[in-house]
Structures are given as C-alpha cells and as structure tokens.
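New notebook page. I want to get my bearings in this structure, then pick out one spot to look at closely.

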Amino acid sequence: MNDPDSTLVVILPRRGRLLAQALFILVVGIALALFLQGWPAIQTSPLGSLDDAIPLPMVFLAVTTITAAFAWTVLKDSWHHRIELRTEGLWIRQSGGELWVTYHEIQSVSVIPAFGLGLALREFESWLSTQPQAPHRQRQTSSVTHRAWGADITVLSKNMDRPAEQVIDLIQQRLSAEQAG
C-alpha cells in the first residue's frame, strides 16, 4: 500500500526561493535594527536607558533576534514539505504531518489561483479516520479550504518545485491509469 519503493515522482519545495526569502527577511531586519538603534526616540526611551546601562546594543540585538526567529520559521515551515506520487497514491508531508491518499479516494484535483492546488476527496471523513497524524488540524484546514475552493487538501505553490498545473497533470495521469487498470 504505502510502499516507498513505489515512488514515481518526488515534488519538493523551491528551496532556493526559501533561502532567498529568509535572507531577505534577515537583511531587512538588520537594516531596521540599525535604524532603530540610532533613532533618537529610542535613545530617550526606557529601552534606550537600558542600552546605556548595559554596554550592548539592546535594540539591535532584540530586533535582529526576532527577525532571525521569523526567518527560521519561514524556512522550517516549508523546508521539509514533500509530495510523492506513488503507484497507489500520494504521500504528502506538510508541516502538520504526513498524509496518505490513494488515487481512488481522490474525486478531483484542481488549480487554486494564486495559491497552489487542491484535492477534493470522495469521502473526507472516512479518509480522515485513516490518517494517524492529521485529524484535528486537517479537519480545521479542510473546513476552510472546502468552503473556499471545494478542496479537502491543499498544497501551496511555494511547496512545489514545478507549477501546480504540471503537478495536476501528473496526478491526472495516475488517476487515469488507476481507472483504466
């Protein structure tokens, strides 16, 4: 059933883009920290007084630390995402856990403009009961995405190394092969 040796295609996030985003966040954060550190309003504030008492640039350190934490979160959230098209179904690893969807459980797959792709399942609740890592979070996410786009499972474009249309074509090929076989 969920056999890793049956993997046909692996779809990963655009990691170069993720690194560029994190670097951009850090550069903007450091520039903001430098600006705030020298800003007169900060110098006369209680934080500025603390800055005078301790021979460290506290504002710079605080803003840079917050920025670094945000950049790390951006990277960590998407870095390990993975979609594997296997002979029997899709294995999806997202920040909320791992999902296994067989092709016969998929009712339709569609592009969600400016977002990514969506999978509508035939029997969402019965599928959900087979997912050991996902039930609560997936139920919450699905309630929103199903109302908005008719999709029970969504994958963001940033988490795919190719356009959503190409991924949909690959899934459609497998769905057609499943129906023919």
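Predicted model: local features only at pLDDT ≥ 70, side-chain atom pairs only at ≥ 80, totals over all residues.

**One residue to start with.** I began at His81 and listed what lies around this residue: leaving out residues up to four places away in sequence, His81 touches Leu12, Pro13, Arg93, Gln94, Ser95 and Asn159.

Where does His81 sit? I found it in the loop between α4 (58-79) and β2 (82-86). Is His81 buried or exposed? Its relative accessible area is 8%, and buried means under 20%, so His81 counts as buried. I also looked for a side-chain partner: a polar contact of 3.1 Å links the side chains of His81 and Asn159.

**Helix α1.** Next I checked the length of α1, which covers residues 15-38. With 24 residues at 1.5 Å each, I should get a span of 34 Å; the end C-alpha atoms are 35 Å apart, which agrees. Then I noted which residues of α1 are buried: Leu18, Ala22, Ile25, Gly29, Ala33, Leu36 and Gln37. A reminder to myself: an α-helix has 3.6 residues a turn, so residues three or four places apart point the same way.

**The whole protein.** I counted seven helices and seven strands. The radius of gyration is 22 Å, well over the 16 Å from the globule rule for 181 residues, so the protein is more spread out than a compact globule. I read off the C-alpha trace too: about 75 × 30 × 30 Å along the principal axes.

How much of the protein is buried? I get 38% of the 181 residues. Last entry: the protein exposes about 10,300 Å², with 62% of that supplied by carbon and sulfur atoms.

Terms used
Residues numbered from 1 in each chain as written. Heavy atoms only, no water. Helix = DSSP H or I, 4+ residues; strand = E, 2+ residues; numbered from the N terminus. Expected span 1.5 Å × (residues − 1). Buried < 20%, exposed > 50% of the residue type's maximum accessible area, 1.4 Å probe, protein only. Polar contact = N/O pair within 3.5 Å; in protein donor to acceptor, adjacent residues only side chain to side chain. Contact = heavy atoms within 4.5 Å. Rg over C-alpha atoms; globule rule 2.2 N^0.38 Å. Areas by Shrake-Rupley, 256 points an atom, 1.4 Å probe, with all protein chains shown as cover.
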